[in-house]
Amino acid sequence: MKEKETQNSKGLKEHTYQILKERMVDCIYPPGSLLNEAQLATDLKLSRTPIREAISKLEMEGFVKILPKKGIYVTDITFNEVIQVFQTRFEIEPIALRLAGPRLPKEELAALCQKFHEPIMDIHNSFRLDTAMHLFIIEHCGNRYIIDMMRRVFEENTRIIISSKQNQLQVHDAKKEHIDILNMLMNDKYQEAEVAMRIHIESCRKAALDYFYNSQIYVAAPYSSYKKELKKL
């Protein structure tokens, strides 16, 4: 009985975590906003325990910061983070495409291409289709380390794109670029698709930086994990 209760508790925690993370990624809870634990519990019709546990996990992943006596702060998007997200995409995503190319099922490529030809009225569905196309390629690369890393990168990438759209930025229209890349992959033109992917990512990077450049200052924040490793020697 206790084991079943533990499993239910873990399932509820994970479910709550997924809901909150999705709302942060989709900017329903925008970057820089303050959330209240009690209000979240009311909104989701849950007790505060799974909310607290989910928030703790989201804090470890960098989505939120808990501010004593203030609330839960949804981590802002800095200019530095925008640079790092697109730097990672520019270097890693074409490699993932190269690895994935021969593994990609042609019928799914054709279905994705058709989706891009259809009119999309809802802007959030447009974001979802964009992300789905990129992750579809990445998740066929056969390297779980690349896949895990790029899933996290695309969570932040989605926040960047949505937050800049919400601020009425005229983000680069990548629809044709997506279709061109998919057509190249369907015709086994993997090298051409890799080059086209780099051009596409660079276009997206410029569009995002146009918005974030004037509002924030780039400050490099070096990681210190290596110091912890040195102490173990």
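The predicted model contains an open sheet of three strands, ordered β1-β3-β2 with antiparallel pairing, where two strands count as paired if DSSP finds at least two bridges between them. Because β1 and β2 stand at the edges, each with a single partner strand, one side of each is left without a neighbour in the sheet. In general, strands of a sheet pair through backbone hydrogen bonds, in either a parallel or an antiparallel manner. This is a predicted model, in which local features need pLDDT of at least 70 and side-chain atom pairs count only at pLDDT 80 or more, while totals for chains, interfaces and linings use all residues. Residues are numbered from 1 along each chain as its sequence is written, and side-chain values use heavy atoms, with hydrogens and water left out.

The protein as a whole has 10 helices and three strands, these elements being DSSP runs numbered from the N terminus (helices H or I, at least four residues; strands E, at least two). Read along the sequence, they follow the pattern α-β-α-α-β-β-α-α-α-α-α-α-α. Buried residues, those under 20% relative accessible area, as against exposed ones over 50% and partly exposed ones in between (1.4 Å probe, protein chains only), make up 40% of the 233 residues in the protein. Of the contacts with a separation of 6 or more, 76% are accounted for by residues 24 or more positions apart, a contact meaning heavy atoms within 4.5 Å.

Within the sheet, strand β1 (residues 34-35) is joined by two bridges to strand β3 (residues 71-74), and the two run antiparallel; here L35 stands opposite I72 of β3. Strand β2 (residues 64-67) is joined to β3 by four bridges, again in antiparallel fashion. Along this pairing, V64 stands opposite V74 in β3, and K65 has Y73 of β3 as its bridge partner. The hairpin of β2 and β3 has three residues between the strands, and K69 takes a positive phi near 70° there.

Helix α3 lies across β2 and β3 and runs at about 115° to β2, with axes taken as lines fitted to C-alpha atoms, for helices over the stretch in contact, and angles running from 0 to 180 degrees between N-to-C directions. Helix α3 (residues 48-60) also packs with helix α2 (residues 37-44), at an angle of about 115° and with the axes 9 Å apart. The crossing of α2 and α3 is right-handed, a crossing being left-handed if the near helix is turned anticlockwise from the far one by less than a right angle, and right-handed if clockwise. From α2, residues E37, A38, L40, A41 and L44 meet R48, I51, R52 and I55 of α3. By class, this contact of α2 with α3 has six nonpolar, no polar and three charged residues, where Ala, Val, Leu, Ile, Met, Phe, Trp, Tyr, Cys and Pro count as nonpolar, Asp, Glu, Lys and Arg as charged, and the others, Gly among them, as polar.

Helix α4 (residues 79-100) packs with helix α6 (residues 123-138) at an angle of about 60°, with their axes 8 Å apart. That angle makes α4 oblique to α6, since angles under 35 degrees count as roughly parallel, over 145 as roughly antiparallel, 65 to 115 as roughly perpendicular and the rest as oblique. Residues R89, E93, A96, L97 and A100 of α4 meet H134, I137 and I138 of α6, and by class the contact has five nonpolar, one polar and two charged residues. Helix α4 also holds R98, which is partly exposed, with a relative accessible area of 45%. R98 and I137 are 39 residues apart in sequence and 9.4 Å apart in space, C-alpha to C-alpha.

Helix α5 (residues 106-117) and helix α8 (residues 175-186) pack at an angle of about 160°, with their axes 10 Å apart, and are therefore roughly antiparallel to each other. Their crossing is left-handed. The contact is made by K106, L109, A110, L112, C113, F116 and H117 of α5 together with K175, H178, I179, L182, N183, L185 and M186 of α8; these residues divide into nine nonpolar, three polar and two charged.
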